[in-house]
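Hi everyone, thanks for making time for this. I'd like to walk you through a structure that may be new to you, so please take a look at it first.

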Amino acid sequence: MKALPLTPLMTISLTLTIGIIIAKWGYDDFNMRFWLIISIISCALSSIIFFLTKFLSKKAYFNRSHQFLIYSQCVMIHLCILSLGAFLTCKQIADSQISTQLKNWQELPYLTRAKINTERYKSNIESKLVSLHVKQQDYAVIAAMALGDKSALDSNTRNSYSISGASHILAVSGLHIGIIFQLFIFLLGGRKYSVYTIILSLISIWTYVFLIGLPASAVRAAIMLSAYSLAFHRTGLPLNTLSSAYIFMLFISPLYLFELSFQLSFLAVASILLFFTPLYTLLPIRSRFIRWAWGLLCV
């Protein structure tokens with residue numbers, strides 16, 4: 001088994017995570033201003049070291065100090081990312097406390113108003129499903145699988161899916177997003193993967209993800225699907241694409257880190273990327289069908 005290369009995106013992910021956790025636990029001791037000052041100072045020092053390294057690299061005697069400056073620049077960059085993640089976390093916590101006190105619609109942030117409007121659209125869709133006189137639990141399963149709303153599921157239905165190991169089907173995740181994306185591709189262009197078809201399909205996917213309330217697993221899947229579709233990291237490590245989605249989501253909403261769906265979604269995909277190939281190559285199977293079944297079991 002080859003050693004896993006540690007890429008900059010992976011170290012940034014770890015640094016950002018540490019900053020968010022520190023800010024969440026130490027919110028009462030360190031405010032936004034403190035973390036903002038630290039991020040500005042570390043960013044400024046990193047820039048100074050960068051230009052100093054570039055200047056001194058032209059000198060003949062520049063050898064050991066070159067490595068020291070590079071290491072110092074890396075430390076400053078990661079300190080900047082850590083403090084920036086902490087600052088964004090403190091800001092989101094403060095905004096959530098302020099938003100509970102707002103009563104005027106116009107005082108709400110634009111993103112919050114957009115989410116409320118999408119909730120209204122989703123309620124209208126659910127009302128139309130109810131008007132079709134679908135059985136209660138059939139409607140509940142449809143609403144859970146299509147709209148990510150599991151509130152109508154009773155305990156018996158939940159237990160049945162849980163015991164059978166099919167609870168994952170009820171949560172909108174990468175499987176659902178991938179199926180819907182391929183459906184849009186087929187409807188818009190058939191088997192022709194043109195740029196316009198992919199862009200329109202991605203717009204449709206993001207509209208759907210926004211409609212169902214931006215659940216962490218769906219957002220992660222949409223980001224990774226967008227990255228692969230637009231040829232980002234196509235020749236690189238899949239873990240880099242996962243790290244990109246991780247960093248992007250935490251910069252948009254740092255408190256995602258403390259949601260169970262966010263944690264399980266990223267841990268599940270990371271586990272597949274890390275352990276699938278070593279497991280799959282354990283058995284040299286020649287039969288195509290058995291190889292397919294073994295690959296499915298490994299996943």
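Let me start with what I mean by a helix: helices here are DSSP runs of at least four residues, numbered from the N terminus. Please keep in mind that this is a predicted model.

With that in hand, how many helices and strands are there in the protein? There are 12 helices and zero strands. Reading along the sequence, you get the pattern α-α-α-α-α-α-α-α-α-α-α-α. The protein has 299 residues, and 34% of them count as buried. Now look at the contacts with a separation of 6 or more: 60% of those come from residues 24 or more positions apart.

Let's move on to a pair of helices, H1 and H10. H1 covers residues 8-25, and H10 covers residues 238-252. Their axes come within 9 Å and cross at roughly 30°. Are they roughly parallel or roughly antiparallel? Angles under 35 degrees count as roughly parallel, so H1 is roughly parallel to H10. The crossing of H1 past H10 is left-handed.

Who makes that contact? On the H1 side you'll find Leu 9, Met 10, Ile 12, Ser 13, Leu 16, Thr 17 and Ile 20. On the H10 side, the residues include Leu 239, Asn 240, Ser 243, Tyr 246 and Ile 247. Sorted by class, the contact of H1 with H10 has 10 nonpolar, five polar and no charged residues.

Let me zoom in on Ser 13, which sits in H1. Is Ser 13 buried or exposed? Its relative accessible area is 9%, so Ser 13 is buried. A polar atom of the Ser 13 side chain lies 2.8 Å from the backbone oxygen of Leu 9. If we leave aside neighbours within four places in sequence, Ser 13 is in contact with Ser 243, Tyr 246 and Ile 247.

Over on H10, have a look at Asn 240. With a relative accessible area of 13%, Asn 240 is buried because buried means under 20%. The side chain of Asn 240 is joined to that of Thr 7 by a polar contact of 2.7 Å.

H10 also meets H9, which runs over residues 216-229. The axes of H9 and H10 come within 9 Å and cross at roughly 130°. H9 and H10 are therefore oblique to each other. This time the crossing is right-handed. From H9, the residues taking part include Ala 216, Val 219, Arg 220 and Ile 223. Among those they meet in H10 are Pro 238, Thr 241, Leu 242 and Phe 248. By class, the contact of H9 with H10 counts 11 nonpolar, one polar and one charged residues.

My last stop is in another part of the chain: Ala 144, found in helix H5, residues 136-147. Ala 144 has 0% relative accessibility, so it counts as buried. Which residues is Ala 144 in contact with, leaving aside its neighbours within four places in sequence? They are Asp 149, Lys 150, Leu 153, Leu 170 and Val 172. Take Leu 170 from that list: Ala 144 and Leu 170 are 26 residues apart in sequence, and their C-alpha atoms are 5.4 Å apart in space.

Technical notes
Residues are numbered from 1 along each chain as its sequence is written. This is a predicted model: local features need pLDDT of at least 70, side-chain atom pairs count only at pLDDT 80 or more; totals for chains, interfaces and linings use all residues. Side-chain values use heavy atoms; hydrogens and water are left out. Helices (H or I, at least four residues) and strands (E, at least two) are DSSP runs, numbered from the N terminus. Buried means under 20% relative accessible area, exposed over 50%, partly exposed in between (1.4 Å probe, protein chains only). A polar contact is a pair of N or O atoms within 3.5 Å; within protein, one must be able to donate a hydrogen and the other to accept it, and residues adjacent in sequence count only if both atoms are side-chain atoms. Axes are lines fitted to C-alpha atoms, for helices over the stretch in contact, and angles run from 0 to 180 degrees between N-to-C directions. Angles under 35 degrees count as roughly parallel, over 145 as roughly antiparallel, 65 to 115 as roughly perpendicular and the rest as oblique. A crossing is left-handed if the near helix is turned anticlockwise from the far one by less than a right angle, and right-handed if clockwise. Contact means heavy atoms within 4.5 Å. Ala, Val, Leu, Ile, Met, Phe, Trp, Tyr, Cys and Pro count as nonpolar, Asp, Glu, Lys and Arg as charged, and the others, Gly among them, as polar.
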